[in-house]
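Dear colleague,

Please look through the model first and then read on.

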Amino acid sequence: MTSHLSIQGFGAYVPARRLSNADLERLVDTSDEWIVTRTGIRNRHVLADDESGADAGTIAARRALEAAGLAPEDITHVITATCTPDFLCPNTACLISANLGIHGPMAFDLSSACSGFVYGLETARGLVLAHPDAKILLVSTEALTRRINWKDRGTSVVFGDGAGATVVSACAEGKAPAGGALIEDVVCHADGGQWKLLTVGGGTKQRYEAGDPVDEAFYIHMEGREIYKNAVRTLTNVCHEIVERNGYTLDDIDVLVPHQANLRIIEAVGERLGMGEDRVFVNIQDYGNTSAASIPLALNDAWRAGVFKPGMLALLTTFGGGFTWGAALLRF
Ligand code: UT7
């Protein structure tokens, strides 16, 4: 399929502080063995006390700009995908813009949980169609550990902090830019019918008086098993949808880059799609589930490891709270 939309420049950042499964054994009633066999996670990263999601996103963005050979003044729009913003207002995109010295361009946040990056690609595609000269900085950043109830072993072992970024712009038709890929297609879906299965508190639905202690509603609440079942089915279906609507078969896909939520989910989806581990990129062992940051962190790691060769077709797929889900096809 021909396309004149591209992503160019991969950048990522995870905080220096690393929390291993052994560290978690000292915090909650869990074990390295349980975490590894049930999730595949060995480490996750945690923001320093004086560090925020906007700070992490700023570093990832600088790295993406450098990789793309662009300066902050080249950027026309800033989109930040996050479900753990620094504030309800101002948006995190404004904070990242200010940190980068970008003054003037439209900057907004997109809250679609783990699907934030794929939703961001679709949003950026629309903006490039409206403004053909646009150079859109898409930053995914999450501070999930700021909403972890460290007494809840179902969530505390799963999530981590991190950020990933790239730039979306037009390019010559059918020609992937150096250091980037063509965006051949993006599919996004949502269904709020089961929103209660995964929530991150701190919004305005919950009423607090000044001085009230926070309660459980403030933290991440996840009904893991129900989400697991939905995730495997939905991720598989959306991969079929985007592959078929572009006239491909799954044999045409060189590498699957799935949202890194749980190694067992990734393996189950790979199996249903007939894609062995040689065609599925996994880095969950190092970061845990970083929600919107997970796919750009994976793209950055895969890119720097030389996974993507010219001409390769990559399939991204994601599922998260909302529910939101989606997929994208990238041609390197
Ligand atoms: O990012 C997108 C949205 N999120 C996801 O896609 C996450 C989807 N869900 C999952 O990844 C998994 O459901 C979890 C990793 C969250 C949980 O794994 P599970 O295999 O579904 O475990 P479970 O919740 O069904 O619990 C099984 C058992 C329970 O004990 P009993 O009732 O069988 O005695 C839990 O209490 O495992 C226990 N358990 C733990 N044990 C040790 C739950 N968490 C832990 C833990 N350590 N950390």
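In this predicted model, the count of disulfides comes to 0. Cys-89 is in no disulfide, because a pair of sulfur atoms would have to lie within 2.5 Å, whereas the nearest cysteine sulfur, that of Cys-94, is 8.2 Å away. With a relative accessibility of 66%, Cys-89 counts as exposed. Cys-188 is likewise in no disulfide, the nearest cysteine sulfur being that of Cys-239 at 13 Å, and Cys-188 is partly exposed, with a relative accessible area of 25%.

Turning to the aromatic rings, the count comes to 6 aromatic pairs. One of them is the stacked pair of Trp-303 and Phe-332, for which the centres are 6.2 Å apart and the planes 25° from each other. Because Trp-303 lies in helix α10 (residues 294-304) and Phe-332 in the segment after β13 (324-331), this pair ties together parts that are 29 residues apart in sequence. Trp-303 is partly exposed at 29% relative accessibility, while Phe-332, at 8%, counts as buried.

Another pair, that of Phe-319 and Trp-325, is tilted, with 6.4 Å from centre to centre and 35° between the planes. Phe-319 is buried, its relative accessible area being 5%, and Trp-325 is buried as well, with a value of 16%.

Note on methods
Residues are numbered from 1 along each chain as its sequence is written. This is a predicted model: local features need pLDDT of at least 70, side-chain atom pairs count only at pLDDT 80 or more; totals for chains, interfaces and linings use all residues. Side-chain values use heavy atoms; hydrogens and water are left out. Buried means under 20% relative accessible area, exposed over 50%, partly exposed in between (1.4 Å probe, protein chains only). Rings of Phe, Tyr and Trp (its six-membered ring) pair if their centres lie within 6.5 Å; planes under 30 degrees apart count as stacked, over 60 as edge-to-face and the rest as tilted. Helices (H or I, at least four residues) and strands (E, at least two) are DSSP runs, numbered from the N terminus.
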